[in-house]
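Please look over the sequence and the structure before reading on.

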Amino acid sequence: MLKQELDITVNKCTAEQCKPKPDEEHLGFGQYFTDHMFTMRWNKDKGWHSARIEPYGPFTLTPATLVFHYGQAIFEGMKAYRGADDRIYLYRPLDNFERMNRSASRICMPPFPKESVVNALKSLVYLDRDWVPRSAGATLYIRPVMIAVEPNVGLRAALDYLFFIITCPVGAYYPEGFKPTKIYVEDKYVRAVPGGVGEAKTAANYAASVLAQKEAKDKGFSEVLWLDGVERRFVEEVGTSNIFFVIDNELITPPLQGSILPGITRDSVLQLAKSWGGKVSERSVSIEEVMAAAESGRLQESFGTGTAAVISPIGELTYQDHTVQINHGEAGPMAQRLYDELQAIQFGRQDDPFGWRVPIA
Ligand SMILES: *Cc1c(COP(=O)(O)O)cnc(C)c1O
């Protein structure tokens, strides 16, 4: 069943329905959507069915639709890259859909056939290939989503689901080079707790994090650094990215123990850094250890990792009215090397020894 090939109907835009392409110099992030989207539906009798590539457009849902009430919703974030050879590449797409199936199972949604959905995604991106940007560093962002669409206001797992993928051209994250961030170490709100949904990419996590992010922004910070939900002591993530430190030449990231999102960029950084040699650790790291290392000059670097920015260097950390600078507020050599190598693999500028790149045609 789960290996099934989806029977996909393709309904292309008419010439009049096709939209003008935005100016590649002013793409921003997530404002423009391409001409087509992929949709499919699930119910108990038919399983996944009605798979379609169709013109991008609105859905009609009744006010009783379950997702509006109890937030049964999950998503993914990935990108397509146009290489110098003009080929278009996806990056570890099967890993994203495997993670999405794990998110689905955590909130009682049905699993989908991930290989078939990768094929559907390739068809979608190929159809909209002229939307994959050509300007340096710009990409096509891909947003797969699954929501509960049964009309019912009783709380339980829904009996009907809608899965869709939309795509949007996005600008280079660092058009003028790295801009290290100022981070507020959050000790009032928490993002996730053991036994909760922190390791699933479920919409609820983001709704719960917006207030802390807004308060930090109002105080002049770019993002919050999340501490563990029990002791508010161990570092977990930074904003919607995984976090890394370099202390005494050891590259450190917190271990995946249920409350941290298992980032694909995080995994790529771990594999890449291990292949270079040197000490790489997945271990718990307390905020006291980080602040003490910063004060004694042993904290060499820190950065966030995620699909959107790839690597996001941290220039400053503020914890309980105490601020430390990292590497004089500049991006460090480890962040720079990881960024350069990952981008070179993603854009097809260098060999791909790990087999991460997937050409779409
Ligand atoms: C998506 C996400 C990440 C990064 O995952 P990638 O697969 O690297 O994009 C990290 N933390 C959170 C909370 C996320 O939602």
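This is a predicted model: local features need pLDDT of at least 70, side-chain atom pairs count only at pLDDT 80 or more; totals for chains, interfaces and linings use all residues.

Residues are numbered from 1 along each chain as its sequence is written, and side-chain values use heavy atoms, with hydrogens and water left out.

**Overall form**

The protein's secondary structure comes to seven helices and 18 strands, where helices (H or I, at least four residues) and strands (E, at least two) are DSSP runs numbered from the N terminus. Its radius of gyration is 21 Å, close to the 21 Å that the globule rule gives for 361 residues, so the protein is as compact as a globular protein of that length; the radius is taken over C-alpha atoms, and the rule is 2.2 Å times the number of residues to the power 0.38. Along the principal axes, the C-alpha trace spans about 60 × 50 × 35 Å.

**A parallel strand pair**

Strand E13 (residues 250-253) and strand E14 (residues 279-282) run parallel and are joined by four bridges, pairing being assigned if DSSP finds at least two bridges between two strands. Glu250 has Lys279 in E14 as its bridge partner. Between these strands the chain passes through H5, and this β-α-β crossover is right-handed, that is, with the strands pointing away from the viewer, the path from the first strand over the helix to the second runs clockwise.

**Cavity and pockets**

On a 1 Å grid over the protein atoms alone, a cavity is a set of points where a 1.4 Å probe fits but cannot get out, whereas a pocket is an open set with protein on both sides within 12 Å along at least five of seven lines, and lining residues have an atom within 4 Å of a point. Grid points are joined across faces, edges and corners, and a volume is the space filled by probe spheres set on the points.

| Space | Volume |
|---|---|
| Largest cavity | about 100 Å³ |
| Largest pocket | about 880 Å³ |
| Second largest pocket | about 280 Å³ |

The structure holds one cavity of 30 Å³ or more. Among the residues lining the largest cavity are Met78, Tyr81, Ile264 and Gln346, and strand E5 (78-82) gives the most to this lining, with three residues. By class, the lining has five nonpolar, six polar and one charged residues; Ala, Val, Leu, Ile, Met, Phe, Trp, Tyr, Cys and Pro count as nonpolar, Asp, Glu, Lys and Arg as charged, and the others, Gly among them, as polar.

The largest pocket is lined by 40 residues, of which Tyr173, Glu223, Thr240, Ser241 and Ala308 are the closest to its centre. Helix H4 supplies the largest share of this lining, five residues, and the classes come to 14 nonpolar, 17 polar and nine charged residues. At least three lining residues come from each of domain 1 (9-170) and domain 2 (181-346), with domain bounds taken from an automatic or database domain assignment.

For the second largest pocket, the closest to its centre of the 20 lining residues are Gly137, Ala172, Tyr174, Tyr339 and Gln343. Helix H7 (residues 333-346) gives the most to this lining, with four residues, and by class there are 11 nonpolar, six polar and three charged residues. Because domain 1 and domain 2 both give residues to the lining, the second largest pocket lies between them.
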